[in-house]
Amino acid sequence: MTHAEPIHNLRDLIRGMHPVLNPGTFVFATPRPGEALDPDRIVASMREPEGVSVIVDAVYAEQTNLAPLLRCAWITLTVHSALDAVGLTAAFATALADAGISCNVVAGARHDHLFVPEDQADAAMDALLRLQRTPVPE
C-alpha cells in the first residue's frame, strides 16, 4: 500500500516494505559511446566519468547486443519511502548481507528498487520478508 505522504519513520518503513519481485531478468550494461537506446526500455541509468551505466531487461539487452555485466532480479519495496528517510537502506542491506546476497540499490522518488543476483531472488525475498516481520526497537 502506498501512502499519499512519504514515510520517514524507520519502524513504519520496515513494517510497510512489502517487497515485490518484478517479473523478468534485468541486466546492468554499458552502452557503446553514441549508441542510442529506447528510453522507454531503460529501467535506470547513471552517468559516470567512464560512461553511462544502464539497467534494462535482459531481452532488450540481447536484442540490442548490450553485453550484460550482471544478470539480476528486480525487487521493489512498495512502501512510499521519503528520499531523506534514515536507516531503511542500512536495514535491508544488512539483512541481505547477512544472507550472503549482494544488492545494488536505485532510489526512485517513491520507492527503493533492489537488484540482486538472479539466482538469489527467492533467498532475497525471504530475507526481506523476515526483516519486515522482525520487531524494530523504538
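These are my notebook entries on a predicted model.

**Ground rules**

I took the model as predicted, so local features need pLDDT of at least 70 and side-chain atom pairs count only at pLDDT 80 or more, while totals for chains, interfaces and linings use all residues. I number residues from 1 along each chain as its sequence is written, and side-chain values use heavy atoms, with hydrogens and water left out.

**Entry 1: helix H3**

I looked up which residues of H3 are buried. Helices here are DSSP runs of H or I with at least four residues, strands are runs of E with at least two, and both are numbered from the N terminus. I call a residue buried under 20% relative accessible area, exposed over 50% and partly exposed in between, with a 1.4 Å probe and protein chains only. In H3, residues 88-98, I found Leu88, Ala91, Phe92, Ala95 and Leu96 buried. They lie on the same side of H3, because they cover an arc of only 125 degrees around the axis; the arc is that of the directions from the helix axis to the C-beta atoms. I noted the general rule beside this: an α-helix has 3.6 residues a turn, so residues three or four places apart point the same way. Ala97 and Asp98 are exposed and sit on the face turned away from the buried side of H3.

I then asked what the buried residues of H3 pack against. The partners are helices H1 (10-15) and H4 (121-133) and strands E5 (70-77), E6 (104-107) and E7 (112-117). Contact here means heavy atoms within 4.5 Å. Just after H3, I marked Gly100 for a positive phi of about 75 degrees.

Most residues other than glycine have a negative phi. I listed two residues that go the other way. His18 is not a glycine, yet has a positive phi of about 40 degrees. I found His18 in the loop between H1 and strand E1 (19-21), and His18 is partly exposed at 40% relative accessible area. Asn65, also not a glycine, has a positive phi of about 60 degrees. Asn65 belongs to the loop between helix H2 (58-63) and E5, and its relative accessible area of 60% makes Asn65 exposed.

**Entry 2: salt bridges**

How many salt bridges does the structure hold? I have 4, a salt bridge being a side-chain nitrogen of Lys or Arg within 4 Å of a carboxyl oxygen of Asp or Glu. I followed up some of them.

Arg15 and Asp12 meet at 3.7 Å, N to O. Both are in helix H1, 3 residues apart, which is about one helical turn. Arg15 is partly exposed at 45%, and Asp12 is partly exposed at 37%.

Arg41 and Asp57 form a salt bridge with their closest N and O atoms 3.2 Å apart. This pair links distant parts of the chain, with Arg41 in the loop between strands E2 (26-29) and E3 (42-48), and Asp57 16 residues away in strand E4 (51-57). Arg41 is partly exposed at 28%, whereas Asp57 is buried at 17%.

Glu118 and Arg71 meet at 3.3 Å, N to O. Glu118 is in the loop between E7 and H4 and Arg71 is in E5, so the pair ties together parts 47 residues apart in sequence. I have Glu118 as partly exposed at 33% and Arg71 as partly exposed at 41%.

**Entry 3: strands**

I count two strands as paired if DSSP finds at least two bridges between them. E3 and E4 run antiparallel and are joined by 6 bridges. They form a hairpin with 2 residues between them, and Arg47 stands opposite Val52 in E4.

**Entry 4: Asn22**

Is Asn22 buried or exposed? Asn22 is buried, at 18% relative accessible area, and lies in the loop between E1 and E2. Not counting residues up to four places away in sequence, Asn22 touches Trp74, Ile75 and Thr76.
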